[in-house]
Structure formats: structure tokens, C-alpha cells
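User: Could you walk me through the charged side chains here, one question at a time?

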Amino acid sequence: MVTTPAEGIHQVRGAGRRAAHVQDTRRALLDTARELFAEHGFQGTRTEEVVQRAGLTRGALYHHFRDKEDLFRAVFEEVEAEVDQSLWRRSSDRPVNAWALFRANSEVYLDAASTNRAYRQIVLIDGPAVLGQKHWAERGEGPTQKIVEYLREAVAEGVLEPQPVEPLAHLLSALGVGSAMYVTYAEDPVAARREISECYERFLSGLGVHETPSPEPSHPNANRTTTKGH
């Protein structure tokens with residue numbers, strides 16, 4: 001059977017509409033689940049409530065996700081990626097010194113823990129329990145290795161006194177996680193974030209940090225990508 005040009009165009013358009021519908025359905029499930037997970041937590045969210053609020057069927061949910069945990073993982077990855085996208089990055093023309101980048105990015109995570117309800121509930125509170133400690137440990141390897149890079153560059157730039165950077169990176173990574181958790185479980189996350197920052201400053205001041213002419217991250221030559229708050 002020969003397909004006419006008009007029939008071919010119609011088939012292509014139909015396939016495009018179906019693909020768009022599939023993507024719209026997945027997006028509706030993710031957005032709705034995000035709201036519910038952030039509001040009620042993983043345990044307090046039922047899949048029936050997700051599909052009802054999204055105006056979809058259970059079949060649509062299980063077409064895209066194996067189960068509630070699979071749906072949670074997808075939401076977790078999106079929320080985490082949004083915060084990661086807001087991290088400071090080196091400018092192409094006048095790079096910020098490595099120590100200033102490390103400090104600024106530590107603040108990004110504390111800001112998220114204190115003001116981003118979805119990040120606080122989904123990533124920090126429910127993430128370890130739902131996805132398991134193995135996943136959480138593997139997740140932490142990436143940030144720790146990035147801290148190693150920051151420290152090595154800071155020593156090379158003369159901003160940080162020479163010292164063993166790998167154990168220090170693991171210590172700073174644990175300190176960052178502990179600080180975020182303190183903020184997350186506090187009755188007043190904003191006040192807790194202010195308190196933990198004061199302690200953090202005192203700790204870091206003992207590492208042998210020197211003044212440097214490199215600009216701070218607030219300088220217009222330091223690029224930062226921001227995301228909308230949730």
C-alpha cells in the first residue's frame with residue numbers, strides 16, 4: 001500500500017501529538033507528585049491522590065513509573081538538579097578563586113535547606129530513607145570529589161595553606177551534610193541556618209585561608225544560574 005504525501009504528513013502530525021501527550025502526562029504526574037511529596041512526605045502521599053489531583057488514571061501512572069518509589073526517585077532527581085543548577089561556576093573571562101567558589105556553593109545548599117521546602121522534605125528528609133543509604137553514599141562521592149578539586153586549586157592559588165586535601169574534603173563534605181540536616185530538622189530553619197553559618201565561619205577560619213585579589217562570587221564576572229523557588 002502506497003502512502004500519499006498528505007497521509008504521511010497526517011501520520012507524522014499524529015505521532016507528534018501522541019508524543020506531546022505522553023510528555024504532558026509525565027509532566028503532570030511529576031509536578032503533582034512533587035507538590036504532595038513536599039507537603040505530606042513520601043509515607044503520607046498515596047498514588048491514588050497523585051492521579052486524582054493530576055486528573056489522570058492509575059494506568060497512566062504505571063505506564064510512566066513502576067511504583068511510588070520510582071515516581072519519588074524521578075521527583076528527587078529533578079529537585080536535586082534544580083539546586084545543583086543554581087551553584088556558582090567559573091566565569092570564562094575572570095575566574096573566581098577556588099576557595100570563594102567552595103564557600104559560595106556551600107551557602108547555596110544551606111539556603112536550599114532553609115528556604116526550599118521541596119528540597120528539604122524530598123531530598124534531605126525522605127531521600128535517605130526511601131532511596132537507601134547506599135544511594136546516599138554514592139550521591140555524596142560527587143560533591144566530595146568536587147571539594148577535593150576546590151581545595152587543590154585553592155592551595156595552588158595560594159589562598160589556602162598546603163595541607164592534606166583529601167581527608168579535609170571528606171571532613172568538609174560531612175560538615176556540609178551535617179549543617180544541612182541541622183537546618184532541615186530545626187523548628188525555625190531560617191534561624192538555624194544563620195546559627196550554623198556562624199559556627200561554620202569559625203571552623204573554616206582555622207584552616208589557614210589567606211586574602212586574595214581574586215573577586216568574590218558576587219562580582220559580576222562570576223556566573224550563576226538561578227532557578228525558580230519552590
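User: Is E69 buried, partly exposed or exposed, and at what relative accessibility?

Analyst: Happy to start there. This is a predicted model, in which local features need pLDDT of at least 70, side-chain atom pairs count only at pLDDT 80 or more, and totals for chains, interfaces and linings use all residues. Residues are numbered from 1 along each chain as its sequence is written, and side-chain values use heavy atoms, with hydrogens and water left out. Buried means under 20% relative accessible area, exposed over 50%, and partly exposed in between (1.4 Å probe, protein chains only), so E69 is partly exposed, at 35%.

User: What is the N to O distance between R53 and E49?

Analyst: R53 and E49 are four residues apart in helix α2 (residues 47-54), and therefore separated by about one helical turn. R53 counts as partly exposed because its relative accessibility is 43%. The side chains of this pair meet in a salt bridge, N to O, at 3.7 Å.

User: How many residues apart in sequence are the parts tied together by E78 and R27?

Analyst: The side chains of E78 and R27 meet in a salt bridge of 2.7 Å, N to O. E78 lies in helix α4 (residues 68-85) and R27 in helix α1 (residues 5-40), so the pair ties together parts whose separation in sequence is 51 residues.

User: Which residue is linked with R27 and E78 in a network of salt bridges?

Analyst: Both named residues are partly exposed: E78 has 26% relative accessibility, and R27 has a relative accessible area of 34%. The residue that is linked with R27 and E78 in the network is D31.

User: How many salt bridges are there by this rule?

Analyst: Side chains of opposite charge can pair when their charged atoms come close. The pair E78 and R27 is one example. By the 4 Å rule, the count of salt bridges is 14.

User: Where is E187 found, and is this residue buried or exposed?

Analyst: E187 is in the loop between α8 (165-185) and α9 (189-204). Its relative accessibility is 87%, so E187 counts as exposed.

Key
Helix = DSSP H or I, 4+ residues; strand = E, 2+ residues; numbered from the N terminus.
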